[in-house]
Amino acid sequence: MSGDFGSVIGPVAPEIILCVLGLLLLVAGMFLPAHRKATIIFWTCLVGLGTALCSCVMVLAAIALSPEPLQMPNWLGATLRVDEFALVLKILINLATILTILISPEYIQHRLTAGRSEYFPLVVFAALGMTLLVSATDLITIYVAMELTSLVSYVLVGYMKRDPKSTEAGMKYFLVGAASSAIMLYGMSLTYGMTGATDLASIRRAIAELGSPEPMVLVGLILMVAGFGFKLAAAPFHMWAPEAYEGGPTPIVALISVGPKMAGIAVLLHVLEIGFPEIRDHWSALIAAIAAISMVLGNLTAIPQKNIKRMLAYSSIGQIGYILIGVASLPQSMNDWRTSGIIVYLLVYAFMNIGAFAVVTAVSNAGLSDDIEDYRGLAQSSPLLAVALLVFLASLAGLPPTAGLWGKALIFGAAIYSGFTWLAVVGVACSVVSVFYYFNVVRVMFFLKATTPHTFRNTHLLTAGIIIAITGTLFIGVYPEPFIAMARVGQDIVAAR
Amino acid sequence: MTSYVQKIAWLIPLLPFAAFWIILFFGYRLRKASALVAIAGIAGAFGLSLPCFIAMARGHDPVNVSFPWVQIGRLTVDLGYQIDPLTAVMLMVVTLIGSLIFIYSVGYMTDDPLFHRFFAYMSLFACAMLTLVMSNNFLMLYVGWEGVGLCSYLLIGFWFEKPSAMRAAKKAFLVTRTGDCGLALGIFLLFYLTGSVAFDPIFDAAHHSHIHETLFIAAAILIFFGAVGKSAQFPLHVWLPDAMEGPTPVSALIHAATMVAAGVYLVARSYPLFQLGGEHAIALSVVAWIGGITAFMAATIAVAQNDIKRVLAYSTISQLGYMMLGLGVGGYTAGVFHLMTHAFFKALLFLGSGSVILGFHHEQDMMKMGGLKKAMPYTFWTYFIGYLALAGIPPLAGFWSKDEILHHALEHNFPVFLLGAAAAFLTSFYMTRQMYLVFGGEQRDKHIHAHESPFVMTVPLMILAFFSAIIGIVCVHGQGFHHLVHFGQEPPAPFSLSVAGISTAIALLGIGLGWKLYGQKPLSAADEDPLLKIGRLYTFLQNKWYFDELYDTVVIRPLLRSARILYWVDQKLVDGTVNLVGIITIILARVHQLFDTYIVDGCVNLVGTVTRQMGFALRYLQTGSVQSYLCVLYTGVILFVVWQLYTGQHFSCPFLK
Amino acid sequence: MIAVHHYIFLSAALFAVGIYGVIARRNAVGVLMSIELMLNAVNINLLAFARYVTPTTLTGQVFAVFVITVAAAEVAVGLALVINVYRNMDHINVDDINLMKW
């Protein structure tokens, strides 16, 4: 038994590492001396996340190199599924969490009066929830993992206790979240009732036996999609996002604008492709509708926004619309562009969106507000930040030579291959609209003079985070092939089995 | 076997690139040391290029490395680099001359407040140029091509406080961009025809596709249009003389030795396309004629210029025309050979002129100079060698390459040969004129105290002079250069005494005429230029065949005028009618105005406004009350359910059965 | 005879009442309680299905236990946030928590 210890816990090593790390940090927060606490917890957290990232890479390598498929240990049952697709997303989630941690310390130094030592373990638990979610293939696991992520996110968004905006954001986020998780649960209970199972593979078999599509199956699926849609902030389940983004601590907003989206897309793909491939026609139309509504609503409402975080919230509603096009399109076996598109887009999105929020963090660290008006003349007072934001916004708009171009190109390609030409057209039109509001910020930064000069003195950690994000955005933009190839690793994984 | 060439070659463009980033980030802190970083970058590139060149010279197989850039489904685009003899020669030219010019720049730019930025731009230029010559596909070549264009723009306008410099930079950018459009179209056409951007597959396809031969020839001509812009060929040559507003090392590196030669390199690289059509290849005749006309025209203009750098600029255009001419008449080796020798002696001449300008306190008018031989002995002697090389006096570099080109021209295209020969005569004449005006006789403007430049500038001059003197004979020895760089089974040009005799005689004739006019009795301050005797023709030449005026009249004025006519019509329409019909027209004008505001502007702004307004309207969905959000959420779910069930096949509830 | 659809109707009704409460209650704690009602509707569903659809396995019961446990955690977090709102604004009227809008 001890001989194959590696194979017993190996596949879930990243989750175990994150869990131990979170608990360790919580306990350490109670016992460490006050003056050293912040430093020790920060670095332990960073090292721990790095270890989790490495373990993901090692499991991925082990799976990719071994000839036979990975045997999941018995004690997990059918609750988790560790495949290439999930592992690539776990790597991305860990990366996003590391970037969040890097841009956090100075911000919480300024803004938090209490609870600084619990901040990092909470972020780690959020990451744990997301990594579990990308592997979960049982409705119960999906529910628990999703609640783990959500509960931690509510707390973190409302973490600035003395800030009314943050409090309000946490409150609204919680109420919408709890209500939509109840809806999702109701959908799950209906699915369970119709199929007699909670694991996705059995659900699929049961639906196949039912023959003609049962309306209750459909209702159950739609209710579940509503719950996932809440995580993704896809319209019309997006209403919490602008407030949560505007009020929450900026580094946390960076994380919740990226991490839950990856997890949500993974769980959506798993449920739809493993559990419900038999009624593809129905859900692909449903997802296409959600994608179109998200793109149009997000991109249009972003135009009049005055607050940059709110603008980025609407922009990310639009962005999730683009990614959902990929989910709606035909499966990988018939459409080479799909999985590559989704994974490359998520990767690119992680870099550019966290990068943009990192710049917002840096600006607010300098004592400026989040109003776009306050970005006047940023190009003079801090060229690095201005150029960085320019790169991230250009990438969000999908302009060459940034990475955003490739994400959009692949996704729109997938749509056209799947006969969703109208979705691709809507997507391109929305991208054109998006240039309008992204470059409004660029105009303010580069062509308007600052009213009062500000000095920007950022820590090396924050600068490092921004530079990693820029490097990622530009490198993928200039040389996308390795990442498309990495996405190709999980090619037939998402395909129905 | 992966040879060492393959292992090291990819680093070559990356070294200057790294230097660029280092200087960009730490320039303010490095100050003068940024020059060291830049020199280390380019010298490192030279150090890596040298073994590549030696390997090629020893007959090593060409190296071609590709990697997939984008690969989705059936669509694959490969990028990569290649080292073949042509690339190896270009690498040597760029890195060796580049290194020397970088060193020289330390002296030339020493007092400039933006010293580090200059070296950052130069490093970026080196990187782009090396990418351009090492690429094995049109896409990376195009990236390098635009990169050098951008750097050229930045460096011409380096002294941006001078309005003339900004104007010149803008002009260079716009004119070369005109050519770039042709190149881009050509690349698109080739990609459309072959589904690839890499050289080898495209050339293979061009060779074996007889159906699309006309289209491939069209692509070749489009590509040549790009080369015309970049290499300042007629009729897009007008930007290069103005580009002399940039610092002189820039003129030497970018506008004489490397970037402007990129057009010639492009034609040489795409030679298989130009050759299509066999004996009477249309594309090649176009190249030959454009080259011949440019060579002759620019040489005549150079005769009548008084600015020391402008003479050299027109000379460069003329010599680039020579290279094109050589390629066009089938002298592939000869054209590339001339590219190489010219790079050395023209860089030498430009750096020499820079030394003169610096020593003469930034005065560039040759009519004020004279007698600088005594004040600047090093500059004089090195300049003298460059002069002989350009004039084509054996055994210096220029003689051999020019001779080969004339030889090919004589064999294949006699009218073009005549143009070339006339250009050769004019070349030796205007260079003799320049030598006497600058270095001979007595200084005409006595207020300026000329002084010799520092060693950091004269040593590169000496090295370049050394190469200018010997490189021709070294390469010709045993047909060495021909064995290295040749196209297909092209036979080496035999050294014929008659052509050599003719070309030497022509050169000596030009020098003789120059001596007669300027050397026999040196010009004094009171004398006027003896050339003024030819009257109108002189004015015509001095005004550069009125090309700028022509473009002004044909292109720019009509544009402005049509704008003005429209304005005038508008004015008269409103004003005139107001005077005439009074009150009625006020109404008309109102209507007109309303039409303008609501219909014309409206249509233009409609799309934008509608989008904006929808955005403004949609934001009010977000009322701030969380329960309205939940309403939206529930309504969404219910609508989805209704829609899905409505489109579903049938409705039945299993629990009610 | 009580069949499975009786339970379904009960749970649907409970769920609808919960939704109504979530939308209509002004007091944040009331909204929280309505959400609990929705979760209880889910639990009824799960147990009924466990009894009638899969009488031989415990999946439904286990699911229900998970729901109850997680709901407890959710209420804890929710009440903490409500208390915080009360500290900042001196009321917990969800209609009037609209600092951020548009």
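1. Some ground rules come with the model. Residues are numbered from 1 along each chain as its sequence is written, and chains are lettered from A in the order in which they are written. Because this is a predicted model, local features need pLDDT of at least 70 and side-chain atom pairs count only at pLDDT 80 or more, while totals for chains, interfaces and linings use all residues; side-chain values use heavy atoms, with hydrogens and water left out.

2. Start with confidence in chain B. Its mean pLDDT (the predictor's confidence in each residue, from 0 to 100) is 81, and 89% of its residues reach 70 or more. Look out for residues 650–657 of chain B, where pLDDT stays under 50.

3. Now the build of chain B. Of its 657 residues, 55% count as buried, where buried means under 20% relative accessible area, exposed over 50% and partly exposed in between (1.4 Å probe, protein chains only).

4. Next, where chain B meets chain A. Here 39 residues of chain B are in contact (heavy atoms within 4.5 Å) with 50 residues of chain A. The buried area (accessible area, 1.4 Å probe, that two parts lose on being put together, summed over both) is about 4,100 Å², and carbon and sulfur atoms give 74% of that. Between chain B and chain A the count of salt bridges (a side-chain nitrogen of Lys or Arg within 4 Å of a carboxyl oxygen of Asp or Glu) is 0. On the chain B side, β1 (63–72), α26 (583–619) and α27 (626–647) each give two or more residues, and α27(B) gives the most, with 13.

5. In one of them, the side chains of E15(A) and K90(A) meet at 2.6 Å, N to O. E15(A) sits in helix α2 and K90(A) in helix α4 of chain A, so the pair ties together parts 75 residues apart in sequence. E15(A) is buried at 4% relative accessible area, and K90(A) is buried at 0%.

6. Chain C has a salt bridge too, between R26(C) and D95(C), at 3.3 Å, N to O. Buried or partly exposed? R26(C) is partly exposed at 45%, and D95(C) is partly exposed at 27%.

Notes
Helix = DSSP H or I, 4+ residues; strand = E, 2+ residues; numbered from the N terminus.
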